[in-house]
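Hi,

Here is the structure I said I'd pass on. Have a look at it first, and then read my notes below.

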Amino acid sequence: MKKPLKPTPEFVDEAAERAFWESPKNDSTEYVDWSKAKLVSFPKLRPSTETISLRMPEDLLNTIRIQARKLDVPYQSLIKLWCAEKAAQLTIKPQTTRQVTRKSH
């Protein structure tokens, strides 16, 4: 016989709910019967975007436009791609190098 499920708590906001479910103290199997879960697809779901205004030197923008034309992509898409690539590089943990310090006498 299965243990009865705990009622899902009421949360004051999304941050509180996220903190609850991310906590290692809370096991979702105590709140949800995953055997009844169904696989769903959201084909039209897109990540949310935010419009920004970005000022850059005209020659830089022209260089980006030329490169975008060579790649046959819109220049705004190329800017987003390059930003995403750089952000991904920055989130990768750098390898730690071991430093040897010499004692001076």
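A quick term before the rest: a residue counts as buried if its relative accessible area is under 20%, and as exposed if that figure is over 50%. Keep in mind, too, that this is a predicted model.

With that cut-off, Phe20 comes out as buried, because its relative accessible area is 15%. Tyr31 is buried as well, at 12%. Trp21 has a relative accessibility of 29%, so it goes down as partly exposed.

Trp21 belongs to helix 1, while Tyr31 is in the loop between helix 1 and helix 2 (58-71), so the pair ties together parts that are ten residues apart in sequence.

Two other things to look at. Pro7 is in the segment before helix 1 (14-22), and it is exposed, with a relative accessible area of 68%. Pro7 and Glu30 are 23 residues apart in sequence, yet their C-alpha atoms are 8.8 Å apart in space. Then there's Arg65, which lies over the face of Tyr75, 4.7 Å from the ring centre.

Cheers

Conventions
Residues are numbered from 1 along each chain as its sequence is written. This is a predicted model: local features need pLDDT of at least 70, side-chain atom pairs count only at pLDDT 80 or more; totals for chains, interfaces and linings use all residues. Side-chain values use heavy atoms; hydrogens and water are left out. Helices (H or I, at least four residues) and strands (E, at least two) are DSSP runs, numbered from the N terminus. Buried means under 20% relative accessible area, exposed over 50%, partly exposed in between (1.4 Å probe, protein chains only). A charge sits over a ring if NZ of Lys or CZ of Arg is within 6 Å of the ring centre and within 35 degrees of the ring normal.
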